[in-house]
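Hi,

Here is the structure I promised to pass on. Have a look at it first, and then read on for what turned up in it.

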Amino acid sequence: MSVFSRLRNGIPPSRDDCQSPYERLSQRMLDISGDRGVLKDIIREGAGDPVTPDASVLVKYSGYLEHMDKPFDSNCFRKTPRLMKLGEDITLWGMELGLLSMRRGELARFLFKPTYAYGTLGCPPLIPPNATVLFEIELIDFLDSAESDKFCALSAALLLLHRRLAICEEQHLVEPAELLVLLNLSFVYLKLDRPAMALRYGEQALLIDKRNAKALFRCGQACLLLTEYEQARDFLVRAQKEQPCNHDINNELKKLSSHYRDYVDREREMCHRMFAPCGSGSSVGGN
């Protein structure tokens with residue numbers, strides 16, 4: 001019986017009827033701020049270490065007001081979320097505390113009281129005063145402070161080098177520095193589990209030095225993650241030719257061989273199932 005039906009029939013409302021949806025939700029959530037200002041409910045567990053202070057994070061998020069189905073803020077519509085640094089790009093205190101409790105791959109729901117969200121004034125016209133807000137956050141990946149600072153510095157350096165190339169006739173003086181930046185960016189994107197971008201920067205490095213073993217190795221790693229096995233083998237064999245005794249390259253070739261063998265076995269099994277003769281059971285309606 002709904003609360004309105006109870007009132008019509010003279011039945012006093014229960015304690016649950018007097019609670020708002022967020023109040024009912026909060027009863028089964030974990031207090032991570034110590035004052036119930038930030039509450040957490042894990043939807044999908046993550047893995048590895050939690051986010052470190054001053055890290056830069058790749059997240060998908062959506063923020064909701066109570067009694068509203070559509071988010072007032074979300075980045076889930078973007079094709080690729082941008083890297084955001086804690087304490088700089090993320091301004092909600094509650095979101096920062098929440099992220100510090102998360103691990104890679106984790107999906108969680110948070111309730112932020114006004115103190116940890118938009119305060120007593122809110123954020124007109126979207127957020128009313130003293131609003132408790134709900135955020136659903138998925139932590140895709142993060143870089144620790146040193147890694148994120150390196151990534152930002154590399155991106156800025158690459159931009160400056162491109163500008164320098166545009167005005168500098170002595171290209172041979174700029175290219176070695178650009179090569180180093182491209183190799184490092186390829187490495188960072190591999191760590192972010194974005195192999196397509198890692199491959200892109202690795203191939204740009206190969207335009208400068210087509211025999212660079214590190215660039216060939218990075219491209220091979222990226223292609224393996226993209227399950228482009230033939231292309232991965234081509235890059236890694238070329239890298240091995242440049243550095244035959246490199247353990248990382250040789251181990252990656254072994255890894256590729258294992259992955260490719262598993263892939264072939266799965267394909268063979270799928271073909272067997274598709275073209276196997278039908279069973280010899282009796283026909284429909286037979287005796």
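Strand E8 and strand E9 (residues 133–143) run antiparallel and are joined by 6 bridges; strands here are DSSP E runs of at least two residues, helices are H or I runs of at least four, and both are numbered from the N terminus. Two strands count as paired if DSSP finds at least two bridges between them. In this pair, Phe110 sits opposite Phe135 of E9. E8 also pairs with strand E2 (residues 38–44), again antiparallel and over 6 bridges, with Ile42 standing opposite Ala108 of E8. Of the 6 residues in E8 (residues 107–112), 5 are buried, so the rest of the structure largely encloses this strand. Buried means under 20% relative accessible area, exposed over 50% and partly exposed in between, using a 1.4 Å probe and protein chains only.

Before going further, please note that this is a predicted model: local features need pLDDT of at least 70, side-chain atom pairs count only at pLDDT 80 or more, and totals for chains, interfaces and linings use all residues. Residues are numbered from 1 along each chain as its sequence is written, and side-chain values use heavy atoms, leaving out hydrogens and water.

Now to the cores. A nonpolar core is a set of buried Ala, Val, Leu, Ile, Met, Phe, Trp, Tyr and Cys residues joined through side-chain atoms within 4.5 Å. The largest one has 33 residues, and Leu192, Phe235 and Leu256 have the most contacts inside it. Helices H5 (171–191), H6 (195–208), H7 (213–225), H8 (229–242) and H9 (247–275) each supply at least two of its residues, and H5 gives the most, with 8 residues. Beyond its neighbours within four places in sequence, Leu256 is in contact (heavy atoms within 4.5 Å) with Leu224, Tyr229, Ala232, Arg233 and Leu236. A second, separate core of 27 residues includes Tyr116, Ala117, Ile137 and Phe142.

Asn212 caps its N-terminal end, with a side-chain oxygen 3.1 Å from the backbone nitrogen of Lys214. After H7 comes Thr227, whose phi is positive, near 60 degrees.

Finally, confidence: pLDDT is the predictor's confidence in each residue, from 0 to 100. The protein averages 82, and 79% of the residues score at least 70. Where pLDDT is low, the predicted coordinates should not be read in detail.

Best wishes

Methods: A polar contact is a pair of N or O atoms within 3.5 Å; within protein, one must be able to donate a hydrogen and the other to accept it, and residues adjacent in sequence count only if both atoms are side-chain atoms.
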